[in-house]
Amino acid sequence: MMKWERLNDTGFTTANKIVNLKISEHFYGKVSKTEYDTCLHLACSQFTVKCLHLNCQQRFQDNKLEIACDNSATESEKPSPKYNEELDSCCAELLETLKKMTKIQLKMEKLSLTTKGICDLEMFHHGAGNCTAPLFHTWPTPYFYEVSLKLSQMYKKELQLKQTIVQDIAHSADQDLLMVYLSSWLYQPYIDNSSKLLLEAMLLETGHRQC
C-alpha cells in the first residue's frame with residue numbers, strides 16, 4: 001500500500017497541474033475580453049469603432065457579446081501549442097498513474113480470490129471444523145478472506161472514483177467541481193482509516209511483519 005500512496009501523491013501533483021492550467025485558461029479568456037472592451041471604449045471617438053461595432057453585432061448570441069477581432073488579435077488569444085502540449089502531457093501522465101494503481105487493485109482482487117479458494121478447500125477437507133494446520137498465526141482463513149475482501153472492495157471503489165476524475169478533469173470548466181476532484185483524489189473518501197491497521201494485521205498474520 002506504500003506504493004499506492006506514492007502513486008496517489010504523484011497523481012495529485014499531476015491533477016493539480018491540470019486544474020491550474022484549466023483555471024489559467026479560463027482566467028486568460030476573461031482578461032482578453034476585458035482588455036478588448038477597454039480598448040474599444042477608449043477608441044469610441046474614432047471612426048473605426050463603427051466598423052467594429054457592426055462586426056460585433058453579427059456575433060451576438062445568447063445575450064453575450066462575442067467580439068470578432070482581426071486575424072492577428074484572434075491568433076494572439078488562442079491557446080499556444082505549448083500550452084496544449086503541456087495539458088496533453090499532464091493528462092497522459094495522470095492516465096499512466098491510474099494504470100499503475102489499477103494493477104495494484106487487481107492484485108488485491110487476485111489475493112482475495114486465492115484466499116476464497118483456500119477457504120473452500122479447507123471447508124471441503126475439514127468441514128466446518130478448524131483446520132489442523134492453520135495458514136496464519138492467529139486468524140482463521142475465513143477471517144483473513146473477509147479482511148482481504150473488505151480492503152479490495154475499498155480500493156475498487158476508490159479506483160472507480162479516480163477513473164471518473166481522470167476522464168473529466170481536463171474537460172470541466174467549473175472551478176468548484178475541479179476543486180472537488182482534487183480534494184477527492186487526495187483524501188480518498190472510499191478508503192477507511194482502518195485500512196492501514198487491517199493491512200498491518202494481515203502482514204503480522206502472514207509473517208511479513210514482525211511484532
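Reader: At roughly what angle do the axes of H5 and helix H6 cross?

Author: Keep in mind that this is a predicted model. H6 covers residues 175–187, and its axis and that of H5 come within 10 Å. H5 passes H6 in a left-handed crossing, and the angle between the axes is roughly 145 degrees.

Reader: Which residues in H6 do the H5 residues meet, and how does that contact divide by class?

Author: On the H5 side you've got Glu158, Leu161, Lys162, Ile165, Val166 and Asp168. Their partners in H6 are Leu177, Tyr181, Ser184 and Trp185. By class, the contact comes out as six nonpolar, one polar and three charged residues.

Reader: What lines the largest pocket, and which elements give two or more residues to the lining?

Author: This pocket has a volume of about 720 Å³. Its lining has 25 residues, with Met1, Met2, Met108, Leu199 and Leu203 nearest the centre. Sorted by class, the lining has 12 nonpolar, five polar and eight charged residues. The elements giving two or more are helix H1 (2–42), helix H4 (81–126), helix H5 (141–168) and helix H7 (194–206).

Definitions and conventions: Residues are numbered from 1 along each chain as its sequence is written. This is a predicted model: local features need pLDDT of at least 70, side-chain atom pairs count only at pLDDT 80 or more; totals for chains, interfaces and linings use all residues. Side-chain values use heavy atoms; hydrogens and water are left out. On a 1 Å grid over the protein atoms alone, a cavity is a set of points where a 1.4 Å probe fits but cannot get out, and a pocket is an open set with protein on both sides within 12 Å along at least five of seven lines; lining residues have an atom within 4 Å of a point. Grid points are joined across faces, edges and corners, and a volume is the space filled by probe spheres set on the points. Helices (H or I, at least four residues) and strands (E, at least two) are DSSP runs, numbered from the N terminus. Ala, Val, Leu, Ile, Met, Phe, Trp, Tyr, Cys and Pro count as nonpolar, Asp, Glu, Lys and Arg as charged, and the others, Gly among them, as polar. Axes are lines fitted to C-alpha atoms, for helices over the stretch in contact, and angles run from 0 to 180 degrees between N-to-C directions. A crossing is left-handed if the near helix is turned anticlockwise from the far one by less than a right angle, and right-handed if clockwise. Contact means heavy atoms within 4.5 Å.
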